[in-house]
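Dear colleague,

Please find below the structure I promised to hand over, followed by a summary of what was found in it.

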Amino acid sequence: MKFLVFSDSDYNFSAKLATICDLGSDKLFFLNDFNSLYKFKDKDNLLLIIDFDDYSKNLELVINSIKKIGNFSTCILINKIDSKFHKKATSIGFDIAMSKKMFLMNIKTIKAQISNNVKSIQ
């Protein structure tokens, strides 16, 4: 699986994710701008990860920019999740909204769900 990460400030999370990806033979890309998404034509088994801490002021602009480029599976991660945030994030278009800790703990399940969603669409 490919993980495309937009995170500038949480080095601890990035390091943990890199370790998990290395163990699972996943590919990890850290991107600085959404125009970089044009390089990824094959959207199968690919997940965009957005760090809320870095993009909190423009969530709607972020998801709209992504969706203009392509129909990517998107995940927004926050340090501590609450139901209000989860509802807002999913209502504006993010596929997954969860805490960073829960994402790392459940990455195997998340990968399986994304793979299954792609297969069911085809």
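Please note that this is a predicted model. I begin with helix 3 (residues 59-69), in which Leu59, Val62, Ile63, Ile66 and Ile69 are buried. Viewed down the axis of helix 3, these buried residues fall within an arc of 125°, so they line one face of the helix. The face turned away from that buried side carries Leu61 and Lys68, which are exposed. The cover over the buried residues of helix 3 includes strand 3 (46-51), helix 2 (52-55), strand 4 (73-78) and helix 4 (83-92).

The second topic is charge pairing. The structure holds four salt bridges. One of them joins Asp10 to Lys100, with the closest N and O atoms 2.8 Å apart. Asp10 lies in the loop between strand 1 (2-6) and helix 1 (11-23), and Lys100 in helix 5 (residues 100-105), so this pair ties together parts that are 90 residues apart in sequence. Asp10 is buried, at 17% relative accessible area, and Lys100 is buried as well, at 5%.

Lys100 also meets Asp53 in a salt bridge (3.3 Å, N to O). Because Asp53 belongs to helix 2 and Lys100 to helix 5, the pair ties together parts 47 residues apart in sequence. Asp53 is partly exposed, with 38% relative accessibility. Asp10, Asp51, Asp53 and Lys100 are linked in a network of salt bridges.

A further salt bridge brings together Lys111 and Asp26 (2.8 Å, N to O). Lys111 lies in helix 6 (residues 107-121) and Asp26 in the loop between helix 1 and strand 2 (27-30), so parts 85 residues apart in sequence are tied together.

With kind regards

Technical notes:
Residues numbered from 1 in each chain as written. Predicted model: local features only at pLDDT ≥ 70, side-chain atom pairs only at ≥ 80, totals over all residues. Heavy atoms only, no water. Buried < 20%, exposed > 50% of the residue type's maximum accessible area, 1.4 Å probe, protein only. Helix = DSSP H or I, 4+ residues; strand = E, 2+ residues; numbered from the N terminus. Arc of directions from axis to C-beta. Contact = heavy atoms within 4.5 Å. Salt bridge = Lys/Arg side-chain N within 4 Å of Asp/Glu carboxyl O.
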